[in-house]
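User: I have a model open here and would like to go through it with you. Could you start with how far to trust it, and then move on to the fold?

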Amino acid sequence: GQCPTCGGQKYRHRTIDIMPNYCGKRCDLQSSKEVSDCPASPLCSERLFCAWNEWSVPRCDGTCGETAVMITRTLGLHRNRPVEGAMFEVNSSMKCAGAQVNQTQCPYTHPCQDCIPIPCTFSPWSDWQQPTCEGLCTRSRVVQNVNNKCGEPCNGPLEATKRCAADCLSPRDCKMTEWSSWSACSDPGQANGQK
């Protein structure tokens, strides 16, 4: 297996390619899998902050009435602590992933003629999802009813992210399973076969 950037363990394994017969040399009675520690990169000690990047630029087309557009932003790694604060501090090997989608109102340009306003409405929020290993939970909602050209558009987030406790952030020791059952002997008719 490949080494992660900040240490951890790697492994290799092998299997029996050819089983010996009664007069052949038996395989060495060693483990078929080896585990080794990985060296940690110097980058692992670099302090980074998982925080929101800037919102995307809204693209309003200047139509009549009140209109809304979607804007998005993503989580990213920052060398300096952002003014708005960080979700959490990490080293360079950790992941920082997430996205938010927001529906925002465009500037009002001019009224629409002969229009009965139908406002936009959001659906209820979903339940919070299970936390990721980065310790983040998300929930979402959708636009349930779209406004017409003179109705008030929805204005607010479609996804929300918050910090959650996650068990996978705690140190986790390696634990081996119990040995499997022995296979049948390679040559059941011979007393000196291998298993």
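Analyst: The protein chain averages a pLDDT of 75, and 68% of the residues score at least 70; pLDDT is the predictor's confidence in each residue, from 0 to 100. This is a predicted model, in which local features need pLDDT of at least 70 and side-chain atom pairs count only at pLDDT 80 or more, while totals for chains, interfaces and linings use all residues. Residues are numbered from 1 along each chain as its sequence is written, and side-chain values use heavy atoms, with hydrogens and water left out.

User: Which strands have the lowest and highest confidence?

Analyst: Confidence is lowest in strand S1 (residues 9-13), with a mean of 71, and highest in strand S7 (residues 121-122), at 91. Over residues 186-191 the pLDDT stays under 50, and for that stretch the model has six contacts beyond four places in sequence, a contact meaning heavy atoms within 4.5 Å.

User: OK, the fold. How many helices and strands does the protein chain have?

Analyst: The protein chain has zero helices and 11 strands. Helices (H or I, at least four residues) and strands (E, at least two) are DSSP runs, numbered from the N terminus. Among contacts between residues at least 6 apart in sequence, 70% join residues at least 24 apart.

User: What is the strand order in the open sheet?

Analyst: The open sheet of five strands runs S5-S3-S4-S6-S10, with antiparallel pairing. Its edge strands, each pairing on one side only, are strand S5 (88-90) and strand S10 (156-157). Two strands count as paired if DSSP finds at least two bridges between them.

User: How many bridges join S3 to S4?

Analyst: Strand S3 (residues 48-52) and strand S4 (residues 68-78) pair in the antiparallel sense over four bridges. Within that pairing, Cys 50 stands opposite Leu 77 in S4, and the bridge partner of Ala 51 in S4 is Gly 76. S3 also pairs with S5, again in the antiparallel sense, over three bridges, and there Leu 48 stands opposite Val 90 in S5.

User: How many residues of S3 are buried?

Analyst: Five of the five residues of S3 are buried, so S3 is largely enclosed by the rest of the structure. Buried means under 20% relative accessible area, exposed over 50%, and partly exposed in between (1.4 Å probe, protein chains only). For the protein chain as a whole, 24% of the 195 residues count as buried.

User: And which residues make up the largest nonpolar core?

Analyst: That core has eight residues in all, namely Leu 48, Cys 50, Trp 52, Leu 75, Phe 88, Val 90, Cys 96 and Leu 136. S3 and S5 each supply at least two residues of this core, and the largest share, three residues, comes from S3. A nonpolar core is a set of buried Ala, Val, Leu, Ile, Met, Phe, Trp, Tyr and Cys residues joined through side-chain atoms within 4.5 Å.

User: What does Leu 75 touch?

Analyst: Leaving out residues up to four places away in sequence, Leu 75 touches Cys 50, Ala 51, Trp 52, Asn 53, Met 87, Cys 96, Ala 97, Gly 98 and Leu 136.

User: Switching to cysteines: how many disulfides are there in the whole structure?

Analyst: A search of the whole structure finds four disulfides, a disulfide being a pair of cysteine sulfur atoms within 2.5 Å. One of them joins Cys 60 to Cys 106, with an S to S distance of 2.0 Å. This pair links distant parts of the chain, 46 residues apart, with Cys 60 in the loop between S3 and S4 and Cys 106 in the loop between strand S6 (99-105) and S7.

User: Where do Cys 115 and Cys 150 sit?

Analyst: Cys 115 lies in the loop between S6 and S7 and Cys 150 in the loop between strand S9 (143-145) and S10, so that the pair links distant parts of the chain, 35 residues apart. A disulfide joins Cys 115 to Cys 150 (S to S 2.0 Å), and with -80° about the S-S bond the link is left-handed.

User: How far apart are the sulfur atoms of Cys 137 and Cys 164?

Analyst: Cys 137 and Cys 164 form a disulfide with their sulfur atoms 1.9 Å apart. Cys 137 lies in strand S8 (residues 136-140) and Cys 164 in the segment after strand S11 (159-163), so the pair ties together parts that are 27 residues apart in sequence. Both Cys 137 and Cys 164 are buried.
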